[in-house]
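Biologist: I am new to this structure. Could you take me through it, one question at a time?

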Amino acid sequence: MWLNRARTWWSLRLLWWCTLLIVQLFLLVDGQNLLTSFEISHGYIYPPSVTVAEGEVMQLRLLVPMQDGDRCLYREPGSPTDIDVHGIDGDEPEAQQTRRRARMGRRIGDQECSIRVSPIHQRDAGFWRLTLVRGTDRVRGVSMVDVIERPTVPEIGMAGSGISSLDEISPDRTEYCFVLRQGASATAGDGSTPGGGNVPMYERCHLPLSDTDPTGAGMWSVIAGVQGQMREMTYGIHIENKEENIATDVHKDSDYHVLSCHLLYTKSMVKFCRFVRLVDGFGLNVIPGVGTPRYGYYGGGFERNECGLEIIGPEGLDRGTWKCLLGYGDDSITKVSGAIVDNSDTSPPLAIVGLDEHVTARNGTMASLLCNANKPIDYCWFRGPHGQFYSLSESLTEEERPGGHQHWYSGIALAMGECGITFATMLDAEHTGRWHCYVGSGRVSALEVSAAFDVRISHSQMIAQVDRVEAAVDFPSLLGCDSIPRGTPLQYCRFVTPTGEAFNLNENVTNDRPVLGRFYSNPNHNLAKGSCSLVIAAVREEDFGEWICAGKIEGHPMEHIYGIVLHDRNEKAGEEVEPTGGTLSAASISGMVIGAVAVVGGAVGVGFWQYRKRLHRQVAAVNREIQMRTIEPSDGGAIAERRISIGSSGSDSSSSRTSHHNLQATTL
C-alpha cells in the first residue's frame with residue numbers, strides 16, 4: 001500500500017513541476033508587471049507542495065501582494081471551478097456557501113491571496129490552485145497536496161507492555177524527537193534542550209544509553225515531531241532488559257512446510273543460517289535466492305535477521321526434529337546461536353540422542369563429553385564413575401570459570417538441547433569408568449532423562465576398545481586399537497605377539513594373503529580412520545597372553561603402543577598354569593609317549609581330513625561373523641546408510657557400500 005502511495009506521490013509531484021514551469025513561462029511573458037525576480041525564482045504559491053495528516057489544517061498562499069480591487073480564487077483537486085475565497089458565488093446556494101466558508105476558513109492575511117482548509121481529508125489530496133485576479137491580468141499558482149494517515153504512537157507504547165531497548169520506539173514519519181527518563185522536565189529551566197543538554201534526534205528515536213545505563217531498563221518518555229502534524233506526540237514506554245534469543249515457528253500446509261528462526265534483541269545482523277536434520281545429521285546452507293527442488297529459503301532476509309527453511313513435499317525424515325544455527329555479528333566477531341525446531345507429526349518424548357557410548361581420551365590432556373537432547377533443555381549435569389557431580393551452566397565457560405574450575409560447559413546453547421562438559425585435564429584414576437548424564441526440561445516433564453556411557457583413558461595415544469579379549473583354541477579372534485582422538489589417521493600399524501613375533505598390517509594383508517599363514521587385516525577397519533585391527537584365523541595356545549598394538553599417528557615423531565590381553569575363555573577361574581621345568585619319571589614319560597603315538601596315529605588315519613574340513617568351515621563362519629558385525633542391518637546401520645545416500649548423490653552403489661563400511665569401521 002505504501003509503495004503505491006509513494007508512486008502516486010512522485011507522479012503528482014512531477015506533474016506539478018511541469019505545470020509550474022508552464023505557468024512561470026506564461027507569466028514571464030504576460031505578467032511581468034506583477035512579479036519580482038524573488039517570486040519568479042521561488043514560485044508563486046507557498047508552499048509548492050505540502051504533506052499534511054488527516055484532520056490537520058492546511059494553509060496555502062500566493063507570494064504576490066494584493067491591491068485594492070484584486071480577487072483571490074481557489075480550485076480544489078478534480079474541480080473545474082474557481083471559487084472566490086470570500087465565498088461570493090451567485091450560483092451556489094447560501095447554505096452550501098456557509099458550509100464551505102466554515103471549512104475553508106478565512107484568509108491568512110489581507111496582504112496576500114491565501115486559503116486555510118480545516119480539517120483536511122483524504123479526498124483533498126491532489127493539486128490545489130490559487131488565482132490572483134487584477135483586472136484583466138491573472139497570476140496562478142499550483143500546490144501539490146499529499147494527505148497522509150494520522151501518525152500513531154507505536155503499538156508497543158500504546159499497550160504499555162515491556163519492550164527491549166532495541167525495539168522500534170519511533171512514531172511513523174518521525175522528523176525529530178527527545179527521549180528522556182520519565183519524570184524529567186521536557187525543557188530545562190534555562191531554556192536548554194530536554195534532559196539537561198541532550199540534543200534532539202532526527203528521523204528515528206532511540207534510547208540514550210550509556211556505560212552507567214547499558215540496558216535502559218525502566219520508564220521513559222518520548223516527545224516526537226512527526227510529518228504532517230503540528231502538534232507534538234508524547235507517550236511513555238516501559239523498557240525491559242531482554243537478552244538475545246531466537247524465536248522459532250513451524251507452518252504446515254498440505255504440500256509444504258516452513259520452519260522459521262528469527263534472531264531477536266540484537267544489533268548484529270545474520271551472516272549465515274544452517275538447518276540440520278537431527279535424526280541423521282543432514283545439513284543445509286540456507287541462502288536467500290538459492291535452493292534445491294525440495295528445499296529453499298523463506299523469510300524477509302538476513303538484514304532482518306530472519307531465516308526460514310521451506311520444504312516442498314515433506315516426507316520421511318523431514319517430518320522430524322531440526323536444528324537451526326545462526327551466525328551473526330560484525331566484521332570483527334561472529335557468534336553462533338541456534339534453536340530446535342520440531343516438525344514432527346507427533347510430539348516425541350524428551351530423549352538423549354547421538355550419545356557416544358564409548359569415549360576415549362589420553363591421560364593428562366583436555367577432553368570433552370557430550371550428551372545432547374532432542375528438545376530444548378533447561379539444565380544438564382554429569383555424574384562421574386566415583387559418584388562425582390558436575391553441574392553445568394552456559395555462563396560456566398573456559399574464559400569465565402570461577403575458582404579455577406577444571407571443567408566448563410561446551411556446546412552452543414541449552415536451547416538447542418546441547419550439553420557438553422570439557423575437562424582441562426582427564427585423569428585415568430579419576431575419570432575412567434561408567435558415566436551418567438542427565439538433562440531436564442520443565443516444559444516437557446518433571447522427570448529428568450539420563451543415559452550411561454563408558455570413558456576409557458590411555459597413557460598412550462593408542463587405545464583398544466577392550467583391554468581383555470576372550471578367545472578359544474582353534475577359533476578365530478579379533479584384536480584392535482584406535483588412535484586418540486578417534487579418527488586421527490595412522491601412517492602404519494603393527495602387532496607383536498606374546499611369543500615376540502612382529503608384523504605390520506595394511507590393506508594388502510587379507511585372508512587370502514595372511515601373515516604367518518593366519519594373521520590378516522580386518523577389512524572393516526582402515527588406517528585412514530585411525531583404526532588398526534587384526535584377525536587371527538585360528539587361535540593357538542601360544543597366542544594367549546599380552547599383545548602389543550603399535551601405530552604411528554600422522555604428524556607425530558614417534559609411534560604409540562597399547563597392550564591387549566588375549567585370554568583363554570575355557571581356562572578355569574583360579575587355575576594356574578603349571579610352571580615349566582617340573583620332573584617326571586622315566587616310566588611315566590615312556591607311557592605318555594607310547595599312548596600319544598597311538599592316539600595321534602589313529603586320529604591321523606581316521607579323522608584328519610574331517611578335522612581340516614571342520615576347521616575350514618569354522619574359520620570361514622567366524623570370518624563372516626566378524627565382517628557382518630557392521631554389515632548386517634540394524635537401526636543404526638539403516639540410519640547411517642540413509643545418511644550416506646543423501647550426502648553423496650550421484651555416487652554408484654559400490655561406492656555407497658564402501659562408504660558405509662568405512663563409516664562403521666570404528667564400531668568393532
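Modeller: We start with Asp345. At 55% relative accessibility, Asp345 counts as exposed. The cut-offs are these: buried means under 20% relative accessible area, exposed over 50%, and partly exposed in between, with a 1.4 Å probe and protein chains only. This is a predicted model, where local features need pLDDT of at least 70, side-chain atom pairs count only at pLDDT 80 or more, and totals for chains, interfaces and linings use all residues. Residues are numbered from 1 along each chain as its sequence is written, and side-chain values use heavy atoms, with hydrogens and water left out.

Biologist: Which side chain meets Asp345 in a salt bridge?

Modeller: A salt bridge is a side-chain nitrogen of Lys or Arg within 4 Å of a carboxyl oxygen of Asp or Glu. Here the N to O distance is 3.9 Å.

Biologist: How many salt bridges does a search of the whole structure find?

Modeller: One of them pairs Arg75 with Asp82, with the closest N and O atoms 2.9 Å apart. Another pairs Glu112 with Arg61. The search of the whole structure finds 26.

Biologist: What separates the closest N and O atoms of Glu112 and Arg61?

Modeller: Glu112 lies in strand β6 (residues 112-117) and Arg61 in strand β3 (residues 58-65), so the pair ties together parts 51 residues apart in sequence. Glu112 is partly exposed at 24% relative accessibility. Arg61 is partly exposed too, at 26%. Their closest N and O atoms are separated by 2.8 Å.

Biologist: Is Asp213 buried or exposed?

Modeller: Asp213 sits in the loop between β11 (201-202) and β12 (218-226). Its relative accessible area is 19%. Asp213 therefore counts as buried.

Biologist: Which side chain makes a polar contact with the side chain of Asp213?

Modeller: Contact means heavy atoms within 4.5 Å. Neighbours within four places in sequence aside, Asp213 is in contact with Arg181 and Trp220. A polar contact is a pair of N or O atoms within 3.5 Å; within protein, one must be able to donate a hydrogen and the other to accept it, and residues adjacent in sequence count only if both atoms are side-chain atoms. At 2.6 Å, the side chain in polar contact with Asp213 is that of Arg181.

Biologist: What is the phi of Asp474?

Modeller: Asp474 lies in the loop between β33 (468-471) and β34. At 28% relative accessibility, Asp474 is partly exposed. Its phi is positive, in a residue other than glycine, and lies near 75°.

Biologist: What is the mean pLDDT of the protein?

Modeller: pLDDT is the predictor's confidence in each residue, from 0 to 100. In this protein, 72% of the residues reach 70 or more. The mean is 78.

Biologist: How many contacts does the stretch of residues 25-42 have beyond near neighbours in sequence?

Modeller: Over residues 25-42 the pLDDT is below 50. Where pLDDT is low, the predicted coordinates should not be read in detail. In the model, the contacts of residues 25-42 beyond near neighbours in sequence number 23.

Note on methods: Helices (H or I, at least four residues) and strands (E, at least two) are DSSP runs, numbered from the N terminus.
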